[in-house]
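This note is intended for a colleague who is meeting the structure for the first time. Please read it with the sequence and the model in view.

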Amino acid sequence: MTGGMSPAFGVLVSGNGTNLQAILDAIHGGTLRARVACVISNRTDAMALERASRAGIPALAIRHQTFESREAFDRALVAALREHGVDWVVLAGFMRVLTPELLRAFPGRVVNIHPSLLPAFPGRDAQRQALEHGVKVTGCTVHFVDEGVDSGPIIAQRAVDVQPSDTLSTLSERIHAAEHEVFVGVLRDIADGRIAPSNTAQRPRG
Ligand code: GRF
């Protein structure tokens, strides 16, 4: 991305793609000055691929099972992302942990959305974990991605109250609605230059 130009996002997905849809809708509606250069799923059956195709965006399935290692899978992702001129990598429901192969190719330019107020409830089933712990407030987090699971520097969060009557589906639905707003907001800040790449990407840990 060069000065003043809108960035090209490469969106990685594994599932339904409602966050992807919120991003596409914001771009289409003129409230997010960026473009989605490609959408890549590790699952061929992801609804998100259909959403991308419908929007006329290159939709690729790269199945992780066909690679001998996480690194080899990540190298294939990097090749595809570079081929499409991607500046920033956006994880929108992507269910694989990334290795330095990808993170070094896009230093400080990989962001993820997670359905809890991190560092609470990382990993899978964050909404279920919140219900099981009986927390009264949960929410969602957008963060820079590092080699851990849902562990990089936090960019933005939104709290969502847990109601006594909440089920997994009612709570998940409210968190999802919050995710769409927060994620698009962060991507708008990136697109408009208010958020810069994370400079912690290569800092040694420990
Ligand atoms: C979201 O809850 C996101 O936080 C998590 O995966 C889910 C993806 O939802 N990482 P969708 O595919 O965008 O609808």
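The points below go from the overall fold to the sheet, the helix packing and the backbone.

1. Basis of the description. This is a predicted model, in which local features need pLDDT of at least 70 and side-chain atom pairs count only at pLDDT 80 or more, while totals for chains, interfaces and linings use all residues. Residues are numbered from 1 along each chain as its sequence is written, and side-chain values use heavy atoms, with hydrogens and water left out.

2. Overall fold. The protein contains six helices and seven strands; helices (H or I, at least four residues) and strands (E, at least two) are DSSP runs, numbered from the N terminus. Along the sequence these elements follow the pattern β-α-β-α-β-α-β-α-β-α-β-β-α. The radius of gyration is 16 Å, close to the 17 Å that the globule rule gives for 206 residues, so the protein is as compact as a globular protein of that length. That radius is taken over C-alpha atoms, and the globule rule is 2.2 Å times the number of residues to the power 0.38. The C-alpha trace spans about 50 × 40 × 35 Å along the principal axes.

3. The sheet. Seven strands make up an open sheet with mixed pairing, in the order β3-β2-β1-β4-β5-β6-β7; two strands pair if DSSP finds at least two bridges between them. The edges are held by β3 (59-61) and β7 (154-161), and each has a single partner strand, so one side of each is left without a neighbour in the sheet. On average, neighbouring strands are turned by 20° against each other, direction ignored. Axes are lines fitted to C-alpha atoms, for helices over the stretch in contact, and angles run from 0 to 180 degrees between N-to-C directions.

4. The β6-β7 pair. Strand β6 (residues 137-144) runs antiparallel to β7, and seven bridges join the two. Gly-139 has Ala-159 in β7 as its bridge partner. Helix α6 (residues 168-191) packs on the sheet and touches β1 (8-13), β4 (88-91), β5 (110-114), β6 and β7, its direction making about 155° with that of β7. Contact here means heavy atoms within 4.5 Å.

5. Helices α1 and α6. How are two packed helices described? The description uses the angle between their axes and the distance between the axes. For helix α1 (residues 18-28) and α6, the angle is about 50° and the axes are 9 Å apart. The two are therefore oblique to each other; angles under 35 degrees count as roughly parallel, over 145 as roughly antiparallel, 65 to 115 as roughly perpendicular and the rest as oblique. In α1, Thr-18, Asn-19, Ala-22, Ile-23 and Ala-26 meet His-176, Glu-179, His-180, Phe-183, Val-184 and Leu-187 of α6. These contact residues comprise six nonpolar, four polar and one charged. In this classification, Ala, Val, Leu, Ile, Met, Phe, Trp, Tyr, Cys and Pro count as nonpolar, Asp, Glu, Lys and Arg as charged, and the others, Gly among them, as polar.

6. Helices α5 and α6. The axes of helix α5 (residues 126-133) and α6 come within 10 Å and cross at roughly 120°, which makes α5 oblique to α6. Gln-127, Arg-128 and Leu-131 of α5 meet Leu-168, Leu-171, Ser-172 and Ile-175 of α6. By class, this contact has four nonpolar, two polar and one charged residues.

7. Helices α1 and α2. Helix α2 (residues 47-54) packs with α1 at an angle of about 15°, with the axes 9 Å apart. This makes α1 roughly parallel to α2. Thr-18, Leu-20, Gln-21 and Leu-24 of α1 form the contact with Ala-48, Arg-51 and Ala-52 of α2. The residues of this contact divide into four nonpolar, two polar and one charged.

8. Backbone points to inspect. Most residues other than glycine have a negative phi, and most peptide bonds are trans. The peptide bond from Leu-118 to Pro-119 is cis, with omega near 15°, and Pro-119 is found in the loop between β5 and α5. Phe-121, which is not a glycine, has a positive phi of about 55°; Phe-121 lies in the loop between β5 and α5.
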